[in-house]
Amino acid sequence: MQQVVKRIIFYAAALGIWEAIVKLLNIKAVVFPAPSDIFQALWNGFADLTLVYDLLASFQRLAIGLVVALILGTVLGVVFAKSKVIDDTIGSLILPLQSVPSIVWLPLAIIWFGLNEKAIIFIVVLGGTLVMTLNMRTGIKSVPPIYTNAARTMDYSGFSLFTHVIFPAAIPHAVTGARLAWAFGWRGLMGSELLSTGPGLGYTLKFASDFGDMALVMGIIFIIALIGILVDLVFFSRIEKKVMKKWGLLEQ
């Protein structure tokens, strides 16, 4: 609680100093808006429902892309972990592809799908799938042999061994993969929406920039950052900690 109070005081002081500097130096809002300008821009955006529609559109794309990415990444991770031949060949491409920012694929996505929803969702899927695949593969390969050996003495084998022992043991890595997939998917979504035809947070950000509305630009950047922090800390971080504790990887 004390930490929360300290942060509130810090951010309130920072905003106050920011506001005072802008006003005292008479800096134009088109160059560097004050917090009051940003608040007013956000208020107007929510009042006329522009930002509401943007949020709904962005979250819809993210939800579709993330679900596909988690399913596809889980399947690929299992395949690569269980097949050495596939892992040594096709699997060797995963890490190099992961090192390429997903937004780099946007020009190809536009050529393949056009400048539409499919291209944006493709970027989200690509960003989330690769990191989920890596974590799922690592999780399955990291299962201690003592687990599988003990299970075999109890007549577990084949599919039953995988579903009852190997996959459950890999859950902590899968949860971490889902958390990272969300982060990569969210970044890819915002980047790809910059070139979309709207609605969406990225589209409105680019639209506001084109018309010199820097207050709205900074307001949307704030919203993007806030959503990223809240979803990660409030949702994924808590789930990850609970799973880690349940699997004995963190102290109770």
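**A tour by question and answer**

Mentor: Let us begin with a pair of helices: H10 and H11 are oblique to each other. Keep in mind throughout that this is a predicted model.

Trainee: At about what angle do H10 and H11 pack?
Mentor: The axes of H10 and H11 (residues 201-210) lie 7 Å apart.

Trainee: Is the crossing of H10 and H11 left-handed or right-handed?
Mentor: Look at how H10 passes H11. The crossing of H10 past H11 is right-handed.

Trainee: Which residues of H11 meet those of H10?
Mentor: H10 brings Trp186, Met190 and Glu193 to the contact. By class, the residues of this contact divide into four nonpolar, one polar and one charged. On the H11 side, the partners are Leu201, Gly202 and Tyr203.

Trainee: Staying in H10, is Trp182 buried or exposed?
Mentor: Trp182 sits in helix H10, which covers residues 171-193. Its relative accessible area is 4%, and the cut-off for buried is under 20%. Trp182 is therefore buried.

Trainee: How far apart in space are Trp182 and Gly228, C-alpha to C-alpha?
Mentor: Along the sequence, 46 residues separate Trp182 and Gly228. Leaving aside neighbours within four places in sequence, Trp182 is in contact with Leu62, Leu66, Ile227, Gly228, Val231, Asp232 and Phe236. From C-alpha to C-alpha, Trp182 and Gly228 are 8.9 Å apart.

Trainee: And which residues does Ile223 contact, leaving aside its neighbours within four places in sequence?
Mentor: Ile223 belongs to helix H12 (residues 214-246). With 9% relative accessibility, Ile223 counts as buried. Its contacts are Leu42, Phe46, Leu51, Leu55 and Leu201.

Trainee: How many Å separate the C-alpha atoms of Ile223 and Thr133?
Mentor: Ile223 and Thr133 are 90 residues apart along the chain. Their C-alpha atoms are separated by 29 Å.

Trainee: How are H6 and H7 oriented to each other, oblique or roughly antiparallel?
Mentor: Helix H6 (residues 106-113) and helix H7 (residues 117-141) pack at about 140°, with axes 8 Å apart. An angle has to be over 145 degrees to count as roughly antiparallel. H6 and H7 are therefore oblique.

Trainee: Which residues of H7 make the contact with H6?
Mentor: From H6 come Leu106, Ala109, Ile110, Trp112 and Phe113. The contact of H6 with H7 has eight nonpolar, no polar and one charged residues. On the H7 side are Lys118, Ala119, Phe122 and Ile123.

Trainee: What is the phi of Asn26, about?
Mentor: Most residues other than glycine have a negative phi. Asn26 is in the loop between helix H1 (2-24) and helix H2 (35-47), and it is exposed, with a relative accessible area of 65%. Its phi is positive, although Asn26 is not a glycine: about 55°.

Trainee: Is Leu49 buried, exposed or partly exposed?
Mentor: Leu49 is found in the loop between H2 and helix H3 (50-82), and its phi is a positive value near 70°. The relative accessible area of Leu49 is 39%. That makes Leu49 partly exposed.

Trainee: Stepping back, what is the radius of gyration of the chain?
Mentor: The secondary structure comes to 12 helices and zero strands. For 252 residues the globule rule gives 18 Å, and the chain is well over that, so it is more spread out than a compact globule. Its radius of gyration is 23 Å.

Technical notes. Residues numbered from 1 in each chain as written. Predicted model: local features only at pLDDT ≥ 70, side-chain atom pairs only at ≥ 80, totals over all residues. Heavy atoms only, no water. Axes fitted to C-alpha atoms, helices over the stretch in contact; angles between N-to-C directions. Helix = DSSP H or I, 4+ residues; strand = E, 2+ residues; numbered from the N terminus. Parallel < 35°, antiparallel > 145°, perpendicular 65-115°, else oblique. Contact = heavy atoms within 4.5 Å. Nonpolar A, V, L, I, M, F, W, Y, C, P; charged D, E, K, R; others polar. Rg over C-alpha atoms; globule rule 2.2 N^0.38 Å. Buried < 20%, exposed > 50% of the residue type's maximum accessible area, 1.4 Å probe, protein only. Left-handed = near helix turned anticlockwise from the far one by under 90°.
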